[in-house]
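Trainee: I am new to this structure. Please take me through one part of it closely.

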Amino acid sequence: MSDSEEEQVKQAPIIKPHQKQQKDFYAEQLQANEEAESQAPLLVVVQGPKGSGKTTLIKSLVKHYTGQKIKKLVGPVTVRSNKQHRVTFVECPSDINAMSDLSKVADLALIMIDASIGFEMETFEYLSLLNNHGFPNVMGVLTHIDFFKDNKQLRKTRKKYKKRFEYETGGNYKLFYLQALKNEYYLKQDIHNLARFISIIKIAPVRWKTEHPFVLADRYEQGKDNTTTFYGYVRGCTYRLNDRIHFVGQGDYYIDSFEEVLDPVEIITAQKKHRSLKDTEKLVYAPMSSVGALAIDATAGYITIPQPIFTEKNKFVNNEEQDDEEMEEQEQEQELPEGVRMVRELQQMTEGIDKQLEEEEDVQLLEGFELEEDKPIKKKNNQQQIQQQRDLVRLKNRVNIKIENGTVMPITDTLLATDLHELIYQNKNGINEFDSVRYIPKVQERKSYREIKELFVTGFYGQTDVVDLENLEKQMEEEEQEDKEQEQENKDNNQNQKDENQNSKEKQQERQQLVNQLTNSNLGLYKKGTYVKIVIKDFSSSIKDEYPMILARSEVGEDNLGFIKIRIKKHRWHSNILKSNDPIIISLGWRRFQTIPIYCVQDPNDRLRFVKYTPEYDYCYAIFYGNFAPQGTGLVCTQSLSNKLSKFRVAATGVVLEMNHQFDVMKKLKLVGEPFKVIKNTAFIKGMFNSSLEVAKFQGGLIKTVSGLRGHIKKPSKLGPDGSFRATFEDKIQMSDLVFCRTWVRMHIERFYRLITNNVKLMKTMWELRQEKQIPLEFKPDSTYQDQERVPVKFAPLRIPNNLQQNLPFESKEKVKSLSFRERLRQQVEKNLPVKSNMTDKEKEVYSLIQRLNTIKNEKEKKREQKDIQKQKVKEAQIKGQKQHLEEGKRKYKQQKQKDKFIKQVKKQQQQQ
Amino acid sequence: MISFQQVINFREILLCSTLSERPVKIEFSQYPGPHLQTMLKLLQLIQTGCKIDVNTKGIIYIPGIITNQDGMLQTYNCGVDRSISYYLEILLILSLFGKAPLNIELNGITNDQTDQSVDSIINAYIPLIKKFAPEWEVSLKVTRRGFQAGTGTVILHSKPIRQIQATTLIERGPICKIRGVCSGSKVAPNLLNRVVSQCRNVFNDYIPDVWVHTDLQKSQKGVEFQSGYAVSLVGESTNGLFISCDCEYSNELNDPEKVGETAALRLLDEIKNSGCCDTTQQQYALLLMAVSQRKVSQIKLGRISTHTIETLRIIRSILGVTFNVEESVFSCIGCGLINLSRLTQ
């Protein structure tokens, strides 16, 4: 089910509107994107190998959008691309951790390819990461094209790369070409084209993101006692406030506060004539990097002014005119952008800020921002507003609440009393003092229910007659009028359609209003696209600026640990297969962790059978201890975190199938025993078990000999060593037979789980340990293969004792054979024939004579045989010849017939002519 | 770990905790009764990896995964402390989030004075859940009746679903049908007919479409039935919403005419004072809204029982969902609970 749903989600944008069912689904999708008006900035991840021009591209794009120059690029950069649209650019380092994190959050991935080198390993790694974390939109960017001087060669390589890129991404994705650099930026026209495609792109919904809200932090501040504040946009979906947060790559933390603050790159909602942005509205927000002349350090901010271009006006103004001028000045100042005003103010200062700070406590750098507490004033206002709104709502909805008989009854008509919302959530007294039982209404008299007749279908028929008749007449008239109106409406269908569209729009608006109402009513809901501030106390781990800071909400049930069964396949480009019980790093959901999986395959009877290694080109299952994630979530395995690019780093990819707290993975175990006493079909077997208790556990179990005789384990026996037992077979077994008992042993799955953080110490694989400590591979002489020498068994001839023979029935007795005369003679001769060496001369003569006579006889027989063969040959030849003759005759006869036919036809034709 | 103090209403806490897989600690001021043990054992039966620590002061409950014993048929004795429907109310919601289908045979009391009857569960509670989970496949059958002595048997088959839909229940619409079951054991068959006729007598002023079935338990070998009779009435509205009520024979209501009339009047009272679902089941409707997908759900309620208020507090502390209340319309955005344990092919 979930798979098919996922497919549907992917298909959503290409649904044809005329198909009703799909239309419904599309409507549902719309409902899902209820907060369309408040979209989070489009998250564009720029990825590529070192030296492929990632930073230059971001700088060029920022310059294109805002005209600002970024000197040093660190962290995310948000720009306003048009009035309704914002874009965040993030550069992706070639570290595998950052790559996998950014592949989970990206709305659009720009994949940079250095044309002079070609496709590099990182590109393929990143593509396979994207593939398994829900494929977002992808664009390829080919740089360093000026490497090719020859035009023909350039065209060829462009074509080649385009083909390969389409093959790797599955087609439909654009590949851009960026020409040479000019003043450290790409050409204007190229960037313009790219920016256009970025701004019109439709975001493909990725299931993981539509269900998991997160904040990609732009900026952070570390205060005293490791209190750290993060700022960023809520992305993915609506954020429901939770006490915990998962800092991707750092661990879980409790939130101290979570507030909405002033959006640095707000959407411009007021509709004006100009569609394009004013220069003052072109904003870039890159708090961690240095933009233009402004550079922000960890401790201070610097403004570089290359030349004093302007002078202060006040000095040259006469005293008389000063008042008017000042007024004008103030007006002008208000119009000036914030930055310019600030610089001017700073220029007028005689003392540094630090000195001023010592004197006064409440210095305001920007309006609304207090330096000390760093709490935007807007937030306070916001809360006040919310409070006011809530009060208003309450005043409207104040209801009289009657507490009676274990229930609360809101009655809207009467005087003001308490609020139901308050009663439920703020009044902390336990109302309930008994376990939930069914509510039994207090019954009043039968007459008192007369008034509720109108709640029934038949209700209005029961009213008095006179009024009813009038009503009915009125109704009839109204219906007639309606009919007429309907006819009119039918005439102009176009209007109807418009109305429908309006209706759907209105419905959508209503839904939007509902959502807004809920989010504004202080229930801890934050729409996506809101700029929030998150304070975490005791944030102990260190932050690297170039790594993405993703703060994800820890979802219900997904922070639990347990065993997960996944379908896994080794990546075709990873050099070695994976071994069971070797630690591996898995990136699943938001988390990356090291765990010890075991691999298994499923037998036809649903048994999970342990395998030592993953198959080379096939899927298998893996079971490991880790974080729960919904079924169908993709995951990526790596073997190490090192950034050495000697190997393809993505070891395997997979998908989550099942979660449970225990899995039965079985391994085959053959118990071997040997018989020490055999009585008919019964045998006593030793060496299979160690004690009679063990035997008792296996009573009734199936056993088998090497030769294939089947049997059962019966009972432990007192004969023989401890653990020997009596068994019966379907036939008598040999003493030399081995007896097997086939059993299955449950494999132990390690409960090992280690979250990957900045300075995590990873568990080493056996191979790494061997390498490190110079331990050679364990050598077991038993495990090596040896040539088997098989000596053929010599059985003694069957001898039946005379005593036994006499007692045998006649049928089985050895019979005396009566010989013919000739046979008797031959026997006699053979008996009497002398042995060669002991022969006398006369005997020799006799012997040679017999031999010669024999040769003559043999010769004669040979000749006779040859003659017979010749005769046969002649006969065969004769038969053959006759057949040939016959066939020839037939052929000639046919030819003659055809000739005759032909002649006849010719004659006929002549006659006709 | 979330802890609750001096709460006797432990059932909803355990339900929320199991759904969200968050461990909870419940402290009791007094021991609620043997039904606590029965409830915990039932939860353990359908789960794996569930750990329960019970002592004199309270319990620590660490939920596992609802596997339903891989769909094998289970038999469970609910005892005589509380009726079967007390456990069914929880079990039906839990079975939505299982790994395999739940097949279970429950033994105990089918009709009782403290809890709603099994008939109300079949006719009103299951349709209510189906409003939130339209694709849910479920069958609940009463194979034997049990009054007080706990001789009743109920068989439940329920298939899991992926997610609960966000639903808006604002307009109930007028009541168009009244259905019901009048059940009894070891009583004269005539008695049930008298109850039914009295019910009809009351409803005749309001609606003609009244149909109350009678279900008299036949005697079986080796089973000692206790005498008793009860009636469960359900009113269906034009928008497919159900409102139920129950009435049983007791010392005060010892006359079949009295039982019939009280049942009918109780239903009228419920229809008058409740919104889109009846007062007993409203807390579960709110809970289903809280665990539904991330969209706006709304429900209109009439009077609100004190259990519901307690349940709303539990929902907020475990699931983190706060409801917006305006003129008895409760609205919220669900927490988007997904059935993590369900098997996929």
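Mentor: What follows is a look at the interface of chain B and chain A, then at a few places within the chains.

This is a predicted model, where local features need pLDDT of at least 70 and side-chain atom pairs count only at pLDDT 80 or more, while totals for chains, interfaces and linings use all residues. Residues are numbered from 1 along each chain as its sequence is written, chains are lettered from A and ligands numbered from 1 in the order in which they are written, and side-chain values use heavy atoms, with hydrogens and water left out.

Start with the contacts. Chain B puts 91 residues in contact with 80 residues of chain A; contact means heavy atoms within 4.5 Å. The size of an interface is often given as the accessible area lost when the parts come together. Here the two chains bury about 7600 Å² between them, 56% of it on carbon and sulfur atoms. That buried area is the accessible area (1.4 Å probe) that two parts lose on being put together, summed over both. In chain B, the residues that lose the most area to chain A are B:Tyr206, B:Arg294 and B:Leu340, together 10% of what that side buries.

Now the charges. There are 2 salt bridges between chain B and chain A (a side-chain nitrogen of Lys or Arg within 4 Å of a carboxyl oxygen of Asp or Glu). A:Arg450 and B:Asp205 meet in a salt bridge through their side chains, at 3.5 Å, N to O.

Which helix of chain B gives the most to the side that touches chain A? Helix 6 (residues 256-273) does, with 10 residues. Helices (H or I, at least four residues) and strands (E, at least two) are DSSP runs, numbered from the N terminus.

Next, helix 7 of chain B, residues 282-290. All 9 of the 9 residues are buried, so helix 7 is largely enclosed by the rest of the structure. Buried means under 20% relative accessible area, exposed over 50%, partly exposed in between (1.4 Å probe, protein chains only). Among the buried residues are B:Tyr284, B:Leu287 and B:Met289.

Turn to single residues. B:Thr153 sits in strand 10 (residues 152-158) of chain B. B:Thr153 is buried, with a relative accessible area of 6%. Leaving aside neighbours within four places in sequence, B:Thr153 is in contact with residues including B:Glu105, B:Thr110 and B:Arg144.

In chain A, A:Val46 belongs to strand 1 (residues 42-47). A:Val46 is buried, with a relative accessible area of 0%.
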